[in-house]
Amino acid sequence: MSDSSEASASYADLSASEVIARLLGQMDKSSFSVRELMAMMGDKGLLMVCALMTLPFLFPVSIPGVSTVFGLAILLIALSISTGRLPWMPAFVVDRQLDADKLKPVLQRGVSVLKKLDRVLRPQRLRLLTAGVMNNVNGLAIMFAAALLMLPLGLVPFSNTMPGVAVLLLALGVSQRDGLLVLGGYLMIGGTLVYFSILAWGAWSASSHLLS
């Protein structure tokens, strides 16, 4: 059995918080790449990889370049989920070295957040949202949220947090077959679009005032 297959089997029955806790126990280097992360979790852990990549955006911690790299990685993983193919990623995404000392505290706090989500997860709830063609639609929704995450608005409050939460809810909801979490992800995408529209309107109004 390959390392990837072994990782898939070992992570298959773990809750989201247990997955992150196990990853933290394996982070014994000063840095690691997205490629290494995916190898540790295996093919069946792709949705969990998406969930993991949202954790840096749930807290006010700045890790330069993460939103672009992680956002693109999430988008490509979601594309593979929608098309039923293994993900392809450019080298600058999968080989980007991330400082473990900066990421570990974020993941440790993420474990406490995920433990709360673990308690409310209910597999097979609202099954229509996680069955059949809806999985393809959910993959497209994750792609869209990842594109919002990649927008150059890192200095704007909640601009990364809102699409990050959307991806987290969608990824966990699909992986755990909990349609209520998936529905929450769609609602968060809607909230993100409303928030970004307000920001755009505010910027346009300010520029019009300055030019008048």
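**Notebook: helix packing and one threonine**

I looked up helix α4 (residues 46–54) and helix α5 (residues 66–83), which pack at an angle of about 155° with their axes 10 Å apart. Axes here are lines fitted to C-alpha atoms, for helices over the stretch in contact, and angles run from 0 to 180 degrees between N-to-C directions. Helices are DSSP runs of H or I with at least four residues, numbered from the N terminus.

This is a predicted model, where local features need pLDDT of at least 70 and side-chain atom pairs count only at pLDDT 80 or more, while totals for chains, interfaces and linings use all residues. Residues are numbered from 1 along each chain, and side-chain values use heavy atoms, leaving out hydrogens and water.

I noted that α4 and α5 are therefore roughly antiparallel (an angle over 145 degrees).

Next I checked who touches whom (contact: heavy atoms within 4.5 Å). From α4 come L46, L47, V49, C50, M53 and T54, and from α5 come F70, A73, I74, I77, S80 and I81. I sorted these contact residues into 10 nonpolar, 2 polar and no charged.

Then I turned to helix α2 (residues 16–26), where A16, S17, V19, I20, L23 and L24 are buried (under 20% relative accessible area, with a 1.4 Å probe and protein chains only). Down the axis of α2, these residues fall within an arc of 160°, so they line one face of the helix.

Last, I looked at T83, which lies in α5. How far apart in space are T83 and L140? They are 9.7 Å apart, C-alpha to C-alpha, and 57 residues apart in sequence.

Technical notes: Helices (H or I, at least four residues) and strands (E, at least two) are DSSP runs, numbered from the N terminus. Angles under 35 degrees count as roughly parallel, over 145 as roughly antiparallel, 65 to 115 as roughly perpendicular and the rest as oblique. Ala, Val, Leu, Ile, Met, Phe, Trp, Tyr, Cys and Pro count as nonpolar, Asp, Glu, Lys and Arg as charged, and the others, Gly among them, as polar. Buried means under 20% relative accessible area, exposed over 50%, partly exposed in between (1.4 Å probe, protein chains only). The arc is that of the directions from the helix axis to the C-beta atoms.
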